[in-house]
Amino acid sequence: MKFSISDDVLRDMFKLGSFVVPENELVFFALRGAQPIEFGGSDFRNAHELLMTPIDYRHMRCTVGQWQTGTGKLAVFVGSSVPHVTAVAAQLSDNGNGVNRLASGFFGKVPGMPDHRYFKGNHGSDRHLAFRNESKLPVWRTSDDTDYEGDDRLEFEVVYDNLHCSRQINETASYYSSYGCVVVAGKEGDSGATAITTELGPWKKFLNNAYRLDQFHFALAVFEENEALRTAELGYAKRAPTVRFGSRGLLAERLQTGLLAKGYNIGSATPDGLFGGHTAKALRQFQLDVFGKNGTDLIGGPATAEALGIAWPKSGAELDAALQPSPGGIPDGNGDPIISNGTEDEPAMPATSLSPDPNLKIALDTGYKPLAGWLVRKQPGASRWDVLYDASTSPVFLGRFFEYSGYPEGKTRGLARTTGDQPRIAYDPAAWTEFGKWPELIYPTGWAESNACFTVINAWDRAAMTFGFIQLAAHTGDDFLPFFRRLFVDLHSEAKQWFPELDVVNGKLCFVKGAAYRSLENKVPPADGGYSASYYHGDLMGFFNPDRYHTNLKPDPEELHAAARWLIWTMTSTAMRAMQVGGSIDNVKSSLMRLHQKMLATPAVRAKYPNGVDGMKCDLLSVAVAAPHLSESHLPMVLNALLKPDPIEAIRLSGYGPGDRAQNVHDGMKRRPILKNLVYDMGSQQPV
């Protein structure tokens, strides 16, 4: 049976699935059990004809498409979104490990959820050009037979399910290469390539469409058999809506409410309207208990709603009526308001009473006590402060008042806690092996920032507040904001204990008071009237430190209490320190990608380093990436140094940055001799 797929059909499918459409982007989609009539890979057009062909785990029986949401045009390619049966059979003896079936859902950047998008990179042992995914994904594993059924194991893990070529150009052949990744018909190109090389077939066209764009991340939506056909035939108004992994909004909240009422664990005590890994596991268990293994699909719809005893729209028309926002609500794109509520992968909950207030006064509550006996106090006869709480046997030194004269606009002043102050928690890469060898690669940057010390705090410079071993700073949105958002997503209960004034609302870090909130993610000048730049986040800076100049020659109470909370949280929570390490790696990884792109875009550098940072020794890479981490303005210096006979020495002698920065980075590199034995592998995005 044939049917037509178009922009209208895809938008209907997204809305019926409570998925967020990434506007003005190239979006990937996979339709199981449907093949394009045009086998060789199409051009972008308004619509394409597809043929229903049930999946059999032997032939490529899926359409893998690309959707220009800005123009509404689509390109379609034959491929598969399930593993080949030979791969499934081969792993049965290993409990099904190493092969899986990806659950259907939306793997994108959803407000309030971790980023599940795919990105440009190399795949697998042959490291051919592809699209990588390093986020947690919901996957089925089978260990009893080659069928995937509801009583098989459901996991929510980082499985590196990428999107790559099938290594088979003949679409009618009974073999393709997939252990669970989404694949497109075609042959792979050269190993370790950063641009299209010797690829063949539809895969080459698929790659070219995406790699020629500046866009780096790509959302993927995966749909089960017949869903596209039913939407095309019935239309939005008549087809019943569903929710699954990646859904967001009212129906996801209703499903969670029903599961909680039946005693199933969704990862939090209250519904949050975000369908993540915990909700998937809860739904799987409920469906298995009620419908049996053949009725378990991880998709919540009318039958599941009836079994849960919850109201459910019978059609898109009824869904539209249900999505009318209530007074005072904050629409989230699906009609319901959202505020974070915090589980590992499902961080937000609906809150109809919250409303934005641009005039809400932002202020840290200096009277709040995160621990029993909490007291921030000035030491007698000195400009030094400490913090007391019941669980501590003695006061913990918080910092001293410091004055800095190095800025042309005048002196800045504030609290300083240095690497030599006790108690001290050192950053040791050997303690964080769960991040692979990345902790080694970022060590020189951490050494230059803080002598690799978690308990360094600086509230005396332009940034208003920096802390941690890599000195995350409040003035920029590039490192601090993503990290703090993640704290409120992955460690919500801890984050609310230490900073109850903050939360994530509609995907942004906000100041919340009562029923009102105000975003802290605005690029505005600080309220103290001092130095500012176009990227400064003045509202966020003011929350932690209202005045960077302190003409009264003492710290603000806000900065003292913010610093005390941050210090003791760091000292008492291994999980929070792990978040610092992960956030710092993400931050340096962004600098590494900018360096990589600049290297390939500079002919002389590319001639010497044809693969960019791929394959570069990590002693050199660690000092090279530390410079753009401080500022992109240092990239020309690094590119010039890379052309020298001794690039490491050239970077050291450049003297870039304040306070002997170049020498300090070099010293940090020397402290980790392991870096000489590591190279950076672009395929795995890891030092190896």
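Mentor: Let us start with charges: Lys and Arg count as positive and Asp and Glu as negative, while His and the chain ends are not counted. Each charge is placed at NZ of Lys, CZ of Arg, CG of Asp or CD of Glu. On that basis the chain has 69 positive and 77 negative side chains, with the centres of the two sets 4 Å apart.

Trainee: Good to know. What kind of model is this?

Mentor: This is a predicted model, where local features need pLDDT of at least 70 and side-chain atom pairs count only at pLDDT 80 or more, while totals for chains, interfaces and linings use all residues. Residues are numbered from 1 along each chain as its sequence is written, and side-chain values use heavy atoms, leaving out hydrogens and water.

Trainee: How do you know that the radius of gyration agrees with a compact globule?

Mentor: The radius is taken over C-alpha atoms, and the globule rule is 2.2 Å times the number of residues to the power 0.38. For 688 residues a compact globule would come near 26 Å, and the chain has 27 Å, so the two agree. The C-alpha atoms fill a box of roughly 85 × 65 × 45 Å along the principal axes.

Trainee: Why is phenylalanine 19 called buried?

Mentor: Buried means under 20% relative accessible area, exposed over 50%, and partly exposed in between (1.4 Å probe, protein chains only). Phenylalanine 19 has 3%, so this residue counts as buried. Across the chain, buried residues make up 58% of the 688.

Trainee: What makes phenylalanine 19 and phenylalanine 223 a tilted aromatic pair?

Mentor: Rings of Phe, Tyr and Trp (its six-membered ring) pair if their centres lie within 6.5 Å; planes under 30 degrees apart are stacked, over 60 edge-to-face and the rest tilted. Here the centres are 6.0 Å apart and the planes 45 degrees, so the pair is tilted. The pair links distant parts of the chain, 204 residues apart: phenylalanine 19 sits in the loop between helix 1 (7-16) and strand 2 (26-32), and phenylalanine 223 in strand 16 (residues 220-223). Helices (H or I, at least four residues) and strands (E, at least two) are DSSP runs, numbered from the N terminus. Phenylalanine 223 is buried as well, at 1%.

Trainee: Why is the pair of tyrosine 531 and tyrosine 536 called edge-to-face?

Mentor: Their centres are 5.8 Å apart and the planes 70 degrees, so the pair is edge-to-face. Tyrosine 531 is partly exposed at 32%, whereas tyrosine 536 is buried at 2%.
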